[in-house]
Amino acid sequence: MTDPIERTARFLLEAERPVVFTGAGVSTESGIPDFRSPGGVWDRFDPREMTYKNFVGTETGRRKYWEIGRHSYPLMRKAEPNRAHLAITELHRLGRLDCCITQNVDNLHQRAGLPEEKVIELHGNATRARCLACERPYSRDEIQEWLDGGVEIPTCAECGGIVKPHTILFGEPMPPGATEEAERRARASDVFVVVGSSLVVYPAAYMPVHAKHAGAALVIINLSRTPYDAQADVQITGKAGEIMHAIVRRLRSLQ
Ligand code: APR
């Protein structure tokens, strides 16, 4: 049986429309904690508090959200793309990437050199924000300055409305079009590589299922088990940076 790195490299070599699907596990090696590993975000904060209803509906909800955001954003802001992001960008440069569907909001795929049009962000992007009332755009850096200057609940400088980053909270509608486009690309893929996701949040976690049902070869690269491991054609337990780097190195030697 060929080793899983070789098998994945060969799948990518022969693919017409390879899609990579990433979760928070692709950014932990950049210093950004994931959500469900021990010590992850949901070990420290209660996801039931981080709902869209709480944020939009109550000042307390917004105060809590921004208290967390003020301390977590600098970690994301100073993070650098790691070998996993760079390997995915290398796939694009080798002409071996239809698109990268990501659940991450850290903008690291774009900072690793993937063109915007190659990144489908299912849960939004934490570097941008807007006023929910008048839609005035804000950068998250600008808001961080307000928070560091003592503002507890940022409001719109224009109309006083609620300002919110472009990241999807539980119970919030997904970015229009992103889910549909991701589903279309998953169904059209012939190789679908999951990197660093627990595959437990929907509709994102349906994407590998759409790909598999459409006949794609499914590869799952993760540090821990996922509910779809049994359906994977290749399942690799390991660190995203090391594994993705090894796959791209093998692919280059086959080309
Ligand atoms: N290499 C490979 N896998 C890793 C690494 C790594 N260096 N670090 C962590 N992992 C794995 C973990 O074992 C875990 O299974 O990545 C997975 C990350 O899973 P989650 O923390 O659940 O993150 P994700 O799947 O992206 O969560 C989806 O849930 O809370 C919401 O909106 C949030 O987008 C997020 C969504």
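Start at the ligand: of the 23 residues around it, Glu29, Phe35, Arg36, Ser198 and Ser224 come nearest. Keep in mind that this is a predicted model. Both domain 1 (1-32 + 80-123 + 174-255) and domain 2 (34-78 + 124-167) give residues to the shell, so the ligand lies between them.

**Around the ligand**

- Sorted by class, the shell around the ligand comes out as 7 nonpolar, 12 polar and 4 charged residues.
- Ser224, already listed among the residues that come nearest, puts a polar side-chain atom 2.7 Å from an oxygen atom of the ligand.
- As for cover, the ligand on its own has 730 Å² of accessible area, and the protein covers 94% of that.

- The domain assignment of the protein chain builds domain 1 from three stretches, 1-32, 80-123 and 174-255.
- Domain 2 takes two stretches, 34-78 and 124-167.

**Where the domains meet**

- On the contact count, 19 residues of domain 1 touch 14 residues of domain 2.
- Interface size is often quoted as the accessible area that is lost when the parts come together.
- Here, about 1,100 Å² is buried between domain 1 and domain 2, and carbon and sulfur atoms give 51% of it.
- Polar contacts between domain 1 and domain 2 come to 3 residue pairs, with both residues at pLDDT 80 or more.
- On the domain 1 side, the residues that touch domain 2 are 7 nonpolar, 8 polar and 4 charged.

**Salt bridge**

- The rule finds 1 salt bridge across the interface of domain 1 and domain 2.
- Glu121 and Arg128 pair up through their side chains in a salt bridge, at 4.0 Å from N to O.

Terms used:
Residues numbered from 1 in each chain as written. Predicted model: local features only at pLDDT ≥ 70, side-chain atom pairs only at ≥ 80, totals over all residues. Heavy atoms only, no water. Domains from an automatic or database assignment. Contact = heavy atoms within 4.5 Å. Buried area = accessible area lost by both parts, 1.4 Å probe. Polar contact = N/O pair within 3.5 Å; in protein donor to acceptor, adjacent residues only side chain to side chain. Nonpolar A, V, L, I, M, F, W, Y, C, P; charged D, E, K, R; others polar. Near = heavy atom within 4 Å. Areas by Shrake-Rupley, 256 points an atom, 1.4 Å probe, with all protein chains shown as cover.
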